[in-house]
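Hi everyone, thanks for making time this morning. I'd like to walk you through a few places inside one protein model, so please have a look at the screen.

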Amino acid sequence: MKQLTNMNVQIVSDKQAGGQAGFNVFQQAIANGAKVLGLATGSTPVTIYEQLVASDLDFSQLTSVNLDEYVGLNADHPQSYHYFMQHHLFNQKPFANSYVPDGSNLDAAAATHQYDQIIAENPIDLQLLGLGQNGHIGFNEPGTDPESTTHKVALTPSTIAANARFFDDADEVPRYAYSMGIGSILQAKQILIVAYGEAKAAAVAAMIQGPVTPDVPASYLQTHPNVHVILDEAAASQLD
Ligand code: GLP
């Protein structure tokens with residue numbers, strides 16, 4: 001049965017149009033006073049970052065808080081999410097403060113506690129999310145506690161395989177990550193989730209129209225009052 005949802009679903013022609021649509025959501029949030037932006041990595045947000053970089057928006061008074069980071073990669077490792085953010089956004093558009101979980105800190109209790117404090121001190125106004133093929137958000141894999149805060153995650157084989165394309169060898173993909181929890185993500189005042197392509201279609205349908213279940217971490221977004229979804233036609237193809 002189709003589940004009612006509060007989500008505002010916008011279907012765009014392609015990633016470029018999605019970048020423009022996502023940019024508009026950021027611009028509006030900032031115009032409305034957003035001070036803390038929750039940012040994401042992966043291929044999906046890239047066109048949004050291109051639009052942000054090309055714009056005249058000024059982030060020098062804003063704070064960014066990223067979702068996740070691999071454990072064991074230093075900030076200068078080319079596949080670290082620190083590096084990704086520097087390359088795609090922060091070098092061109094510096095923020096007053098930019099936070100990413102510290103993947104170089106192998107003391108998980110300390111690293112995750114420190115990040116929860118950062119989130120508590122910088123409540124997120126707008127959180128950008130991509131979507132994993134298995135319905136994960138951040139690195140919250142199926143089965144994650146919906147009330148979870150920042151935690152160490154053992155990546156699933158499917159996520160390791162999906163991310164192997166960025167590494168020379170699948171053996172080099174880190175097996176663990178630090179990720180904001182589902183509970184942390186749901187604290188954001190507004191959420192923007194973006195998905196492109198056929199490979200995401202089943203996860204998109206489960207997120208929007210399936211039951212709210214730990215099997216699909218993104219389905220918890222149905223419980224949030226202010227979620228904007230940007231999809232291309234392929235990602236939307238399994239919606240009723
Ligand atoms: C990784 C990231 C997620 C991201 C997902 C999808 O697992 N931790 O935050 O949403 O990949 O990535 P892509 O946008 O490249 O499909």
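A quick word on ground rules. This is a predicted model, so to speak: local features need pLDDT of at least 70, side-chain atom pairs count only at pLDDT 80 or more, and totals for chains, interfaces and linings use all residues. Residues are numbered from 1 along each chain as its sequence is written, and side-chain values use heavy atoms, with hydrogens and water left out.

Let's start with S64, which sits in strand 3, residues 63-66. Helices (H or I, at least four residues) and strands (E, at least two) are DSSP runs here, numbered from the N terminus. Is S64 buried or exposed? Its relative accessibility is 0%, so S64 counts as buried. By buried I mean under 20% relative accessible area, with exposed over 50% and partly exposed in between, using a 1.4 Å probe and protein chains only. The S64 side chain makes a polar contact with the side chain of S98, at 2.7 Å. For a polar contact we need a pair of N or O atoms within 3.5 Å; within protein, one must be able to donate a hydrogen and the other to accept it, and residues adjacent in sequence count only if both atoms are side-chain atoms. Leaving out residues up to four places away in sequence, S64 also touches several others, including L37, F90 and F95, where contact means heavy atoms within 4.5 Å.

Rings of Phe, Tyr and Trp (its six-membered ring) pair if their centres lie within 6.5 Å; planes under 30 degrees apart count as stacked, over 60 as edge-to-face and the rest as tilted. How many aromatic pairs does that rule give? The count is 6. One of them is F59 with F95, a stacked pair at 4.8 Å centre to centre and 15° between the planes. F59 lies in the loop between helix 2 (46-54) and strand 3, and F95 in the loop between helix 3 (81-90) and strand 5 (97-99), so the pair ties together parts that are 36 residues apart in sequence. F59 is buried at 1% relative accessible area, and F95 counts as buried at 11%.

Another pair is Y70 with F167, edge-to-face at 5.9 Å centre to centre and 75° between the planes. Y70 is in strand 4 (residues 68-70) and F167 in the loop between helix 5 (157-163) and strand 8 (176-179), so this pair ties together parts that are 97 residues apart in sequence. Both Y70 and F167 are buried. Ring pairs link Y70, Y81, F139 and F167 into a cluster.

Now for the helices. Helix 2 and helix 3 pack at about 45°, with axes 9 Å apart. That makes helix 2 oblique to helix 3. On the helix 2 side, V46, Y49, L52 and V53 meet F84, M85, H88 and L89 of helix 3. The axes are lines fitted to C-alpha atoms, for helices over the stretch in contact, and angles run from 0 to 180 degrees between N-to-C directions. Under 35 degrees counts as roughly parallel, over 145 as roughly antiparallel, 65 to 115 as roughly perpendicular and the rest as oblique.

Last stop, Q222, in the loop between helix 7 (201-209) and strand 10 (227-232). Q222 is buried, at 8% relative accessible area, and its side chain reaches the backbone oxygen of M207 at 2.7 Å.
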